[in-house]
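Hello,

Here is the structure I said I would pass on. My notes follow below it.

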Amino acid sequence: MTSDTHAAIWAKLENAKPQTLEQLFAQDDNRLAKLSQRIEFQIPDHGTNGMLLDWSKTHLDDALLDTFEELTDAAGFDAAREALFSGGIINPTEGRPATHGAMRGSGTEGDVEEGNALLARMGMLVNAIHDGALGEVKHLIHIGIGGSALGPDLAVDALTRDLQLVDVHVVSNIDGLALEQAFAGCDPATTLIAVASKTFTTTETMTNASSALKWLSENGVTDPSGRVIALTANPEKAVEWGVDETRILPFPESVGGRYSLWSSIGFPVALAVGMEDFTAMLAGAHAIDKHFRESAGRANGPLLAAYADQYYSRIRGCQTRAVFAYDERLALLPDYLQQLEMESNGKSVTAEGEPVNGETAAITWGGVGTDAQHAVFQLLHQGTRLVPVDFIASIAPGDELDPAHHKALLTNCFAQGAALMAGGNMSADGKDPARAFPGDRPSATFLVDDLDAAMLGALIAFHEHRTFANAVLMGINPFDQFGVELGKKMAKDIDSGEGQFDPSTSALMKAAGLV
Ligand code: F6P
C-alpha cells in the first residue's frame, strides 16, 4: 500500500459526515439485517452452536463500509491473511510465521500435522494422569505469566463451573503471596506443578517454579522434579532445569505467547476439563478460522469488528474500548483481551519501521454485567468520553437456579445497549441536565447460543482474528512485543545495582533498602 493511497482513504473516512445512530436506523429499514450476522458451526458430539453478532448499534453505514473495504484491499488484507494461514513470514521483525492456527487444524499440512502430533502427546499425558499413572493427582499449580497464564486461567475458570477433574491454580505474579495462596489450597502429596514458559527463562516463572519445588520437598515429596510438567518452546532449557524429557510438552517457536492457549500451554485446561472438551475448544476456534479465511469484507465477522475498532479509535478519537460479558464464566475475558489486543497492536511503527499515521490499539478494559452497571456504567452513559462497548451474553444459562436469574441478566444486557443508544432525560419535566443522557453511544453485541467449550474457543479465535485484522488495516506487525523489554532490562540493572538511575528511581531504591 502506498502511503498516498492510504492517506487518501483515511481522509475519506475522516471526512464522512457523522450521523447519529437514530438517523442511521431511520434512514435504512435494512440496517439490522445489513449489520448483523449469525456464525454457526457444528462440532461432532457437541451439536450445533452459533453466535449472533450485532453491529447495528455502531455508526458504521454503507458509505463507511465501502471505504473500509477499499482500505482492506489497499492494505493487502487478502495476501496477509493467506500468509497467516500458509506459514508466510507474517512476523517480519522476528523473521517468523505465526502458526497458532495450525494447533487447531488451520495451517499448512506440515504445521497441522505437527500440531496434531503435539496434541496427541499432550492427550496421552493428560489421560495417563487421569488414569493414575502419576499416583493420586488432585491439584495442579500452573505457573506461567502473560500468554502462558491468561488463556489457561480464562479457560479453566470458564469451563469448570460444573465439573473440575483436577483442581487448577494459575499463578503468575512474582509477588510470593500469589504462590502462597495456591499452596494453601493444595495438598503437596497430590499436587503436580506445570511450568509454562515459551522461553523457559522468564524471571517470574522460573522464580515461582523453584519456590514450588522447594515447597514440595519441604512437605515430604521425595522427588519434587518428578512432579513437574514443562510446557515450552525451549525444551533444552527445561531439561537443563531438571525436567525429564517424558514430562516436557513442547510447542513450536512460531506460536506466540498470547496465541498459545491452543498448544501445550492449554495443558491445565485439558487436565481440568478432559481431552474431549479441550478438543471441542480447538474445533470451535477452527470453525472461526474457516469463517475468517473464507469471508470477504463486511461479511467477515472479525474484519467487520476491526472496521468498528478503527472507526472509533482513529476517526472518533476514542482512547478506550470496553468489553462487558454478561456471564460470570467470562469474568477473566477482559484481562485476556487486554494482553491480546494491547501487546499485539500497542505499537507506534509499521511492519516496515515507519511511524503509523494515526492512533493504534485502544486501551481495552471491561468487566462483568450486571456488576459493572453499578460501578462504571455512569461514565459510559453520562461521561464526556465516548467509549465503544461490546456486550457478550449466552442464551443458554450457565446456572441451574430459578430462570429468573438468567432472564434478568439478559434483560439488563439488552437494556444497557438500548439505553446507551437512545439517551433521553429522566426528570419529570425532561429538562434537568443532571438527569440527561446524551445517547448516540455505540455498542456491539455477541449473543451466543450456549457458552460451551467450543463456543469459548470460537470467541477467543474471533478476537485473535479481529486483532490481526486491525493490525493489517494499520500496517503493523501484531506478533512481536519489544515494548516489554526495556523494563525487564532496567529491573535486572536495579537488581544488580549496576548502571546509573535518575534521582527519583535512585531514591526509591534507597528507601526500599535495595541499595
Ligand atoms: O514479557 C512479555 C512476554 O514475553 C509475553 O509476550 C509472554 O506471553 C510472557 O512474557 C511470558 O513469556 P514466556 O512464556 O516466555 O515465559
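Serine 197 has a polar side-chain atom 2.6 Å from an oxygen atom of the ligand. The model is predicted, and that distance, like the others here, should be read with this in mind.

Lysine 198 takes part through its backbone, with an N or O atom 2.8 Å from a ligand oxygen. Glutamine 339 uses its side chain, where an N or O atom lies 3.3 Å from an oxygen atom of the ligand. On its own the ligand exposes 400 Å², and the protein buries 87% of that area.

The shell around the ligand has 14 residues, and Gly147, Ser148, Ser197, Thr199 and Thr202 come nearest. Sorted by class, the shell holds nine polar, three charged and two nonpolar residues. As for where the ligand sits, the space it takes is the largest pocket.

Three cavities reach 30 Å³ or more. The largest cavity contains about 270 Å³ of space. Its lining consists of 26 residues, and those nearest its centre are Asp309, Arg321, Glu341, Ala362 and Asn470.

Last, the domains. The assignment divides the protein chain as follows:

- Domain 1 is made of three segments, 3–16, 30–74 and 295–474.
- Domain 2 covers 100–278.
- Domain 3 covers 485–515.

The centres of domain 2 and domain 3, taken over C-alpha atoms, are 33 Å apart.

Regards

How values were computed:
Residues numbered from 1 in each chain as written. Predicted model: local features only at pLDDT ≥ 70, side-chain atom pairs only at ≥ 80, totals over all residues. Heavy atoms only, no water. Near = heavy atom within 4 Å. Polar contact = N/O pair within 3.5 Å; in protein donor to acceptor, adjacent residues only side chain to side chain. Areas by Shrake-Rupley, 256 points an atom, 1.4 Å probe, with all protein chains shown as cover. 1 Å grid on protein atoms, 1.4 Å probe; cavity = no way out; pocket = protein on both sides within 12 Å on 5 of 7 lines; lining within 4 Å. Sits in = over half its atoms within 2 Å of the grid points. Nonpolar A, V, L, I, M, F, W, Y, C, P; charged D, E, K, R; others polar. Domains from an automatic or database assignment. Points joined across faces, edges and corners; volume = space filled by probe spheres on them.
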